[in-house]
Amino acid sequence: MWANLKSLLHYRGLIQALVSRELKARYRGSVLGFFWSFVNPLLLLLVYTFVFTVIFRPARIEGLTPYALFLFCGLLPWTWFSSSLLESSSVLSNNANLIQKVPFPADVLPCVNVFSNFVHFLLGLPILFAFLIYYRRPLSIYILFFPGVVLIQIIFTMGFAMFISSLSVHFRDIRDLLANLLTFWFFATPIIYPVTMIPESFRWVLDLNPMTHIMMGYQDTLFKGQLPHWKKLSVTFLVALVVFYVGYFLFDRLRDSFAEEV
Amino acid sequence: MAPAVIVEDLTKLYRKYSQKRRFQTMKSALIKGDLFRQLRPEEVFLALEKVSFTVEKGETFGIIGSNGAGKSTLLKIIAGTLRSTYGKVLVDGRISALIELGAGFHPEISGRENIYINGIILGLSKKEIQQRFDDTVRFAELEEFIEHPIKTYSTGMYLRLGFAIAINVEPDVLLIDEVIAVGDEAFYRKCLDKIKEFQWKKKTILIVSHALGMIKTLCDRAILLQKGRVKQIGDPRMVVDAYLSDVAEKEERELSRLHSQTLEQYVLGAEAKPEGEAHPPATEYEKKRWGSREIEIREVKLLDKRGQERHIFNSGEPMEIRMTIYARKKIKDFIFGVGIFNSGGISCYGTNTHIEKFAPQEVSGEGMVSFKIERLDLIEGTYFLDVAAHQIDGTPYDYHRQLYTFRVKSLIADIGVFRPQHQWSFSPNISFKKM
């Protein structure tokens, strides 16, 4: 397993090439092309702004204005997380010809998913920052923690993607299961609401959810401009490592069955 | 010379697909690294069984066998895309597998980008791809289209590009699985040239193919697989011959089975019917055999020159059609006839005793009618045989309509219905070279 993990690092070039293929192919033939990566989050943000300032006005919560921007801080990384996982549930069967016909390191494929969605996330960030500045949110020194949170999310998502992609070769049900799980998970994570809205007695449930701490990490460093809860984040980091280990372990164990089963 | 590929006791089991009870518990799966419980023998399919061979460096090695013999599985295991169940495979050097051309092409992006990505997938560095880029494009003859998305390519362009990329990897060991047979003649020639260039460079090549002529001319040695086992290894000419006689044997078995099945269904058992009684009104049956049965054809055999029953004949060989007949009473008005039809339903030859001026005298009881063909000068193909006994006015006693099948094999690919004995000769100013 460790040798395979090491060789995964050697395939950086391959991952890079496949990610760029993925991105190029996605916008090929569209008029705006790469520009869509900016336009999509921008439109999303505008829609939320409209909904939450004109139609549906949530009770003013201290420090949560503008609400749409708060929402966006969580929504952008969540989209990265959930699309990576959804795509990884079919990535191996979609690339069956690669796995069966060429000697090809299959573990590269879920990584490509995570990273191509990561690129979309990165391209959404300028929009987020532009609005943070526009609304004069305090950009503080704590923004230095932001890359750390991103790193935790990368590790966590990759582990999960490995887990899901390898299992879904054998159980096709996982795709449908996952879509429902992600909806549930979305609402069980403080993205559309601040964690303070949850009654104290239920907080522990949210605390068990690693995504809670990752999302709060973004909200703290970007939106609130305050020091993130670094103890909880450190634990989340360890959890992410464990998830990655388990995910990769499973993937590695099942690797030989892929060529016959996809 | 050092071996480039060593295959030792290679066995591959496939699990037969069934929905039920596919998995053992997750726990033992993780501990043993095997997701499936121990399978019972009837649940597995043995694709390869104890296959061992060694391919020396610089050798061109052919792999032949009928469909399902395990050729592609073997190649995939050597390529590393499949894992063997038991046994091991050692390969010395970089492998490039032409198992499927253009695996991993993305239809939306250009040929240029696909060359880069495919090269990386095949294990080249960016720099290496850059160096080979022009060669690749030239070989694929895609200079004009290289910036177009691959989805606009024709099948031929797609194949050429796939082949060009894989071949320009400069592998030490090249695996080819029947891929070059799919292109047109020009592409095929080009691939052959490239393979010969590889041979000249002393690279190791493993070819799976049904193009037996190619195996004979290109390969240094060949292996014959049969149902996952090694049947023969050695000189390609001998191995191909062994394969061909295997195929002929199998075909003979098949035809002979068909023949006895036909006899069973239409001819035997029919004798128990009392005279004059109508046969079951099954129309299918009536189309194949009809008549009053006053004279009955009870058995039909095709014999070769040694009197052995056979169903495959070489063009020009002798063939005997032997009928066992039975007349229920003394009959004075009778004719025996035979007819040969090709698979297109065209009558190739037909004759009877009346046409050939045999005046019938009398027949009674069991007898034998033999029709000997000295030279079966038919072209290659499948033929059907009519045999009949009837009255001079055509009223049938027993008519067997195309019940019997035989095949004619020929080394010459001539066309038409039959092959008249012939000779070519030319005036001295027309010259030929022997091919």
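**View 1. Chain A of the predicted model as a whole.** Of the 262 residues of chain A, 39% count as buried in this structure, which is a predicted model. The secondary structure of the chain comprises 11 helices and zero strands, so that the pattern read along its sequence is α-α-α-α-α-α-α-α-α-α-α. Taken along the principal axes, the box filled by the C-alpha atoms of chain A is roughly 55 × 50 × 35 Å. The radius of gyration of chain A is 19 Å, which agrees with the value near 18 Å that a compact globule of 262 residues would have. When the contacts in chain A between residues at least 6 apart in sequence are considered, 78% of them join residues at least 24 apart.

**View 2. The packing of helices α3 and α4 in chain A.** Helix α3 (residues 36–55) of chain A packs against helix α4 (residues 67–94) of chain A at an angle of about 140°, and the two axes are 9 Å apart. Because an angle of over 145 degrees would be needed to count as roughly antiparallel, α3(A) and α4(A) are classed as oblique to each other. The crossing in which α3(A) passes α4(A) is right-handed. On the α3(A) side, the residues that meet the partner helix are A:Pro41, A:Leu45, A:Tyr48, A:Thr49, A:Phe52 and A:Thr53, while α4(A) contributes A:Tyr67, A:Ala68, A:Leu71, A:Phe72 and A:Leu76. Sorted by class, this contact of α3(A) with α4(A) contains nine nonpolar and two polar residues, and no charged residues.

**View 3. The surroundings of A:Phe146.** A:Phe146 is located in helix α7 (residues 146–170) of chain A. Although A:Phe146 and A:Tyr218 are 72 residues apart along the chain, their C-alpha atoms are separated by 6.6 Å. When neighbours within four places in sequence are left aside, A:Phe146 is in contact with A:Thr221 and A:Leu222.

View 4. Chain B contains nine helices and 18 strands, and 31% of its 435 residues count as buried. Among the contacts in chain B with a separation of 6 or more, 75% are accounted for by residues 24 or more positions apart. Between the two chains, 26 residues of chain B are in contact with 22 residues of chain A. The elements of chain B that give two or more residues to this side are β5 (95–98) and α3 (111–121), and the largest share, five residues, comes from α3(B). By class, the side of chain B that touches chain A divides into 16 nonpolar, five polar and five charged residues.

**View 5. The packing of helices α3 and α4 in chain B.** The axes of α3(B) and helix α4 (residues 126–140) of chain B come within 11 Å and cross at roughly 125°, and the two helices are therefore oblique to each other. The crossing of α3(B) and α4(B) is right-handed. From α3(B), the residues that make the contact are B:Ile115, B:Tyr116 and B:Gly119, and from α4(B) they are B:Ile129, B:Phe133 and B:Thr136. The contact of α3(B) with α4(B) thus divides into four nonpolar and two polar residues, with no charged ones.

Definitions and conventions:
Residues numbered from 1 in each chain as written. Chains lettered and ligands numbered in written order. Predicted model: local features only at pLDDT ≥ 70, side-chain atom pairs only at ≥ 80, totals over all residues. Axes fitted to C-alpha atoms, helices over the stretch in contact; angles between N-to-C directions. Helix = DSSP H or I, 4+ residues; strand = E, 2+ residues; numbered from the N terminus. Parallel < 35°, antiparallel > 145°, perpendicular 65-115°, else oblique. Left-handed = near helix turned anticlockwise from the far one by under 90°. Contact = placed C-beta atoms within 7 Å. Buried ≥ 20, exposed ≤ 12 C-beta atoms within 10 Å, placed from the backbone. Rg over C-alpha atoms; globule rule 2.2 N^0.38 Å.
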